[in-house]
Structure formats: C-alpha cells, structure tokens
Amino acid sequence: MERFDIAIIGTGPAGLEAAINGKIRNKNIILFGNSDFSNKLIKAPKINNYLGFNDISGIELKEKFQQHIEAMDIKINNERINAVYAMGDYFALMVNEKTYEAKTVILAIGMEAAKPLKGEEEFLGRGVGYCATCDAPLYKGKVVTIIGYNKEAEEEANFVSELASKVYYIKMDKGDSSLNENIKVINDKPVEISGESEVKSVVMKNGTIETDGVFILKDSIAPNHLVPGLELEDGHIKVNRAMETNIEGLYAAGDCIGKPYQYIKAAGEGQVASLKAVEYLSKTK
Amino acid sequence: MVRELISKNFGEDVINSSTPVVVDFWAPWCGPCKMLGPVIEEVSEELAGKAEFFKLNVDDNGDIAQQYKVSSIPTVIVFKGGEVVDKMVGFRPKADIIKLVSKHI
C-alpha cells in the first residue's frame, strides 16, 4: 500500500495552508475534506482581518484558496476519515472499510460546538459506544438505544436490530427514515445517559428508556475519538508551539487547537504544522 | 508474544498467573481490534518476561467477556493476582499501553 508522507485532515485554512507547504517541500501529501472547503468560510459575509484581502466575502476568499491549490495541483480527497490509529512508525486512516497509510498526520478538523451528553464519557465502554457495527454482537438479545444524527446511523441501527432483542432509535435529524419495522423510533431530545456501574437508561426531555447499551452516531467525531489516545485540553487538541500533539508524528492546527477562531491564525498554524512534519520526516528517514 | 486464550484455560493462564496478565478482548469483525492486534504484539515483545499477553476472541468465549462486563471492543484488561487492576477501552497507541501495563509490573 502506498504510504503518504503527510495526510492532512480538513480543508479549512489550516489544512489548505498545511497542504501547500507540504507540496512546496516536495512531500507526497494527501488532503481529506470537501469541495466547499469549510462551511464556516463560505458563510462569512465579510472578512476584514485576513492580511492582503481587505473587504472580501467568505466565498471570494474560498475562490482565492481554490485557485491557489489548483495552481499547485493539490487535489481534495472527498472521503470522511472515521478513525486515525497510531500504529507506531505510521498512521492508519480509516474510511469505513478502506485504509490509508501516512507517516505523519495533520489534524485541521475545526471545532464543533456540540458537547457530549451528560454521562456519555462516564459510561464509555460500559454501555456507551460510537461504533454500533463493531459492538453489536456484544448486545445479542439485549436492549440497545441508538442516538442517530444521520443516514449512516440508520443503516447501523438496522444491522443492530438483527441481533438485539429491542432497538430504540432516537432520531436527531430531519427527513425520511429507512429503518427496519422492528425498530422503535423516538422523537425526543436525549438529556442524560444514566446508570450505576453500567448504562441503565437514557433520560430524555419527555421520558426515559431502559436500555443495556447506547450508541451515539454523529456526523462529526470528537478529536479524541477520531484519534484514540489523543490528549485534549479544555475541549481542544493539546499542542506545543511546534503544533505537536502528545502522539509522535501527529500535528494539529486551526480552531481544533484553540481560540481565537480566526482564518489567518489557522493558516499560520497549518504552516507550522506542515514544516514540523517535514522536519520529522527528514529525521526519521 | 501474544497467545490465544480460551475460557477453559482462563483460570490457569490468568487467575493463577504469578506475573501480571494482559488480555486483549477482540473479535474478527471488529476493525479497531485488527489495528490493535499488531500494536499489542509489539508491546508484548517490549515487556517480554514482565507480563503475559493473551488475546481472547469474544465470539468464542462470550462467558468470559460477560463475566468481565466487556461491552465494547477492543478492551484490554490487566489482571494481577487474579484481580482486574486496570481496563482500557478502544484502540490506544503503543506508548499508552506500555504505560498502562508498566504501572502494574
């Protein structure tokens, strides 16, 4: 399998700046993200604090970024990374059943406001999980509740319903669902996961479900769930001045490492991360 | 070296062991378990002689998984003198596992 020098996760200013610097240093890079680059960027009406671009809209700035990466022949890989495993001398990046390998990784994943549910972290591994397909067989004949935020969550729920004795699906998104008939759909807002030594119930605004297990299936993954073993500090990825995380060869830049949440700060950090990754590659060769 | 553990030998291999025992609960259908396997193998080589390393397939040995309340895999449990002294849920990098096990050596 091809092993990339640098895998960059995220196409906001931090990720793009990391990508162009990796490219300038002639590294074999792979960039994961989406063609809109960043939702936050395209939604900005007016930007006056990005040096060199006074009075520019987010969309206009996005177009400038686009021209820049196209001129440097940088492609965006439209796949969503579910997990990054530090294997020792390389990283395995998982896209469902597919794997990519890279010697270094730069996380530029932005910041999601969504906080974990009360009890979520406490009961992780004691009834709470993030991968229903992984753990479903452990719930054979038991009651499972899935808090689902997207379409993929419904597919996972269908799979679980073949093994579990009962599946509740708390639907967090709008739109049609394609759930199996034996799944009980609940339209309520989860408030807390409670139990004693293990999960016993999900408390919602208007009721409580008795359950043996809870799977929380979201769009965005918290950084420490994306990269198991990653150290956080106050909800952000902990880095030093070289943008190094607690895992060797793994860097982070932009909003995901802390405030202020600003474009040019993100870009600067992306650059530092990229240059440090290049330095690390030359040392480990 | 990581050896395969089965329910039948659990008492002998884990409970009555004089050194700390590390058990990796896994299953063939679990992606993160597949990634953790080689990492545990490396850890076992680094800590050879100081701790015993086993992997337990939860599909074939569900009784042990239930007894130790394994509700998510991979789960790594450290036993000492037959008692659970530490538990780690989910994939972790090598350095973390070494740290976890070293506390009990």
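Colleague: Which residue forms a salt bridge with Glu198(A), and how far apart are the closest N and O atoms?

Modeller: The partner of Glu198(A) is Lys69(B), and the closest N and O atoms of that salt bridge are 3.9 Å apart. Please keep in mind that this is a predicted model, and that a salt bridge is counted here when the nitrogen and the carboxyl oxygen lie within 4 Å.

Colleague: How many salt bridges does the rule find across the interface of chain A and chain B?

Modeller: The rule finds one salt bridge across the interface of chain A and chain B. As for polar contacts, five residue pairs are counted between chain A and chain B, with both residues at pLDDT 80 or more.

Colleague: Which elements of chain A give two or more residues to the side that touches chain B?

Modeller: Those elements are strand E4 (83-86), strand E5 (91-95) and helix H4 (132-135) of chain A. H4(A) gives the most to that side, with three residues. By type, the residues on the side of chain A that touches chain B divide into eleven nonpolar, four polar and four charged.

Colleague: And how many residues are in contact on each side?

Modeller: There are 19 residues of chain A in contact with 18 residues of chain B. The two chains bury about 1700 Å² between them, and 64% of that area is on carbon and sulfur atoms.

Colleague: Switching to salt bridges in general, how many does the structure hold over all chains?

Modeller: Over all chains the structure holds 19 salt bridges. One within chain A is formed by the side chains of Glu79(A) and Lys98(A), at 2.8 Å from N to O. This pair links distant parts of the chain, with Glu79(A) in the loop between strand E3 (76-77) and E4 of chain A and Lys98(A) in strand E6 (residues 98-107) of chain A, 19 residues apart.

Colleague: What is the strand order in the open sheet of five strands in chain A?

Modeller: The order in chain A is E7-E14-E8-E9-E10, and the pairing is parallel. Strand E7 (128-129) and strand E10 (183-186) of chain A stand at the edges with a single partner strand each, so one side of each is left without a neighbour in the sheet. Further in, strand E8 (residues 143-148) of chain A and strand E14 (residues 213-217) of chain A run parallel and are joined by five bridges, with Ile147(A) standing opposite Ile216(A) in E14(A).

Colleague: Over in chain B, which strands pair with E3(B)?

Modeller: Strand E1 (residues 2-5) of chain B runs parallel to strand E3 (residues 52-57) of chain B and is joined to it by four bridges, where Val2(B) has Phe53(B) as its bridge partner. Strand E2 (residues 21-26) of chain B also pairs with E3(B) in the parallel sense, over six bridges, and there the bridge partner of Trp26(B) is Asn57(B). Between E2(B) and E3(B) the chain crosses through helix H2 (residues 31-46) of chain B, and this β-α-β crossover is right-handed.

Colleague: Last topic, the backbone. Where are the cis peptide bonds?

Modeller: In chain A a cis peptide bond joins Lys259(A) and Pro260(A), with omega about -5 degrees, and Pro260(A) lies in the loop between strand E17 (250-252) and helix H7 (263-284) of chain A. In chain B a cis peptide bond joins Ile73(B) and Pro74(B), with omega about 0 degrees, and Pro74(B) is in the loop between helix H3 (62-67) and strand E4 (75-80) of chain B.

Colleague: And what is the phi of Asp73(A)?

Modeller: Asp73(A) has a positive phi of about 60 degrees, although it is not a glycine. The residue Asp73(A) is in the loop between helix H3 (58-71) and E3 of chain A.

Definitions and conventions:
Residues numbered from 1 in each chain as written. Chains lettered and ligands numbered in written order. Predicted model: local features only at pLDDT ≥ 70, side-chain atom pairs only at ≥ 80, totals over all residues. Heavy atoms only, no water. Contact = heavy atoms within 4.5 Å. Buried area = accessible area lost by both parts, 1.4 Å probe. Polar contact = N/O pair within 3.5 Å; in protein donor to acceptor, adjacent residues only side chain to side chain. Nonpolar A, V, L, I, M, F, W, Y, C, P; charged D, E, K, R; others polar. Pairing = 2+ DSSP bridges. Right-handed = clockwise from strand over helix to strand, strands pointing away.
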